[in-house]
Amino acid sequence: SELLTSVSRDIARLSAQVQQLVGASDRAALVVEPELLARCQQALVRQDVSVDLATEVVRAVRRDLSDHALVDPIAVRDAAASRLARRLSVTGPLRPYADASRVVFLIGPTGVGKTTTLAKLAANLAIQQHRVSLVTADTFRIAAIPQLQTYAEILGIPMEVAYTPADLTQIIARRPEPGLILVDTPGRSQYQDAQIDELAEFVAAAPRRTVYLTLSAATRPDELAETAQRFGRIELDGLLFTKLDETRRYGAVASLAAELGKPVSYFTTGQNVPSDIEVADAGQLAARILASFVA
Ligand SMILES: Nc1nc2c(ncn2[C@@H]2O[C@H](COP(=O)(O)OP(=O)(O)OP(=O)(O)O)[C@@H](O)[C@H]2O)c(=O)[nH]1
Ligand SMILES: [Mg+2]
């Protein structure tokens, strides 16, 4: 019975030790797990991802990963990137023979790179032997017509000027099918409702159209959202972001796309025509945003 007492004493001691160890590891997990997720959330917010989206992503990561993986920065980063990518949609490249894409409009604020981007798109389509032509509805800014005309001449493709929506209707009717017509538009301030209405009339002249709101990725997140909201008076098929080379923070782009539920079409990354353009890829964007986490 002395033996029995001794054994049960040992069992009690061991079980206390086990309890202690379990408790310690619980506490460790409690400290480490939220810390890494909090750091991930901070990294997202520092990249200009909205607090709401960052929180949503991190909560999803917490559900996705085992306790073991949640203390691994690489696993957390990759899970966050994949969750973020799932919140983004993309259009894929322009499809020259899709019915809806007969006419492509790039619209947006002044100086974001609409004309340059249109030239890049036209050049890449022409290189792929697709039939493509250019129209400018920018009869407002000095030298806007020769700017597009120059690109058209270099590319050896037709270019016409639409002074009115009726002009545009006629130009479209004259262009042979199949073939894409890319329309350049004057830069408009998002705060000038009358200018945006005028733009809407040009857009309405092409029923089979694709409209991409063109925005500089180097714009403040709140300005981006405000601009998208105001241009949203025109039905948008997607977002196109320019000047990714002029910022190191890509989160506002992702937040805006996720918030609007609009697909992203292209990114431009410099002034070179036709090379500095890429078809938007959700996974790549998410990876860029999360590259600063676990540096
Ligand atoms: N760094 C950088 N510059 C760009 C990019 N895209 C365009 N630009 C430059 O931005 C400037 C304005 O480009 P435009 O294509 O004329 O812009 P826009 O939107 O047509 O301007 P408006 O017609 O006046 O509204 C030019 O100097 C372009 O070379 C880009 O992706 N990165
Ligand atoms: Mg222009």
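This is a predicted model: local features need pLDDT of at least 70, side-chain atom pairs count only at pLDDT 80 or more; totals for chains, interfaces and linings use all residues.
Residues are numbered from 1 along each chain as its sequence is written, chains are lettered from A and ligands numbered from 1 in the order in which they are written, and side-chain values use heavy atoms, with hydrogens and water left out.

**Exercise 1. Find out where arginine 188 is and what surrounds it.**

Step 1: Locate the residue. Arginine 188 belongs to the loop between strand S4 (180-184) and helix H7 (193-204). Helices (H or I, at least four residues) and strands (E, at least two) are DSSP runs, numbered from the N terminus.

Step 2: Buried or exposed? Arginine 188 has a relative accessible area of 5%, so it is buried. The cut-offs are under 20% relative accessible area for buried, over 50% for exposed, and partly exposed in between (1.4 Å probe, protein chains only).

Step 3: List its surroundings. Contact means heavy atoms within 4.5 Å. Leaving aside neighbours within four places in sequence, arginine 188 touches residues including Gly108, Phe140, Gln195 and Phe231.

Step 4: Look for a polar contact (a pair of N or O atoms within 3.5 Å; within protein, one must be able to donate a hydrogen and the other to accept it, and residues adjacent in sequence count only if both atoms are side-chain atoms). The side chains of arginine 188 and glutamine 195 make one, at 3.3 Å.

**Exercise 2. Describe the aromatic pair in the structure.**

Step 1: Apply the rule. Rings of Phe, Tyr and Trp (its six-membered ring) pair if their centres lie within 6.5 Å; planes under 30 degrees apart count as stacked, over 60 as edge-to-face and the rest as tilted. Searching the whole structure gives 1 aromatic pair.

Step 2: Classify the pair. Phenylalanine 241 and phenylalanine 267 have ring centres 6.4 Å apart and planes at 35°, so they are tilted.

Step 3: Phenylalanine 241 sits in strand S6 (residues 238-242) and phenylalanine 267 in strand S7 (residues 264-268), 26 residues apart.

Step 4: Check the accessibility. Phenylalanine 241 is buried at 0%, and phenylalanine 267 is buried at 2%.

**Exercise 3. Count the salt bridges and follow three of them.**

Step 1: Count. A salt bridge is a side-chain nitrogen of Lys or Arg within 4 Å of a carboxyl oxygen of Asp or Glu. The count is 15.

Step 2: Take arginine 83 and aspartate 64, whose closest N and O atoms are 2.7 Å apart. Arginine 83 is in helix H3 (residues 73-86) and aspartate 64 in helix H2 (residues 51-64), so this pair ties together parts 19 residues apart in sequence.

Step 3: Turn to glutamate 160 and arginine 174, which meet at 2.6 Å, N to O. Glutamate 160 is in strand S3 (residues 159-161) and arginine 174 in helix H6 (residues 165-174), 14 residues apart.

Step 4: Finish with aspartate 193 and arginine 233, at 3.8 Å between the closest N and O atoms. Their positions are 40 residues apart. Both belong to a salt-bridge network made up of Asp193, Asp197, Glu226, Arg230 and Arg233.

**Exercise 4. Say how exposed leucine 3 is.**

Step 1: Find leucine 3 in helix H1 (residues 2-46).

Step 2: Read its accessibility. Its relative accessible area is 65%, so leucine 3 is exposed.
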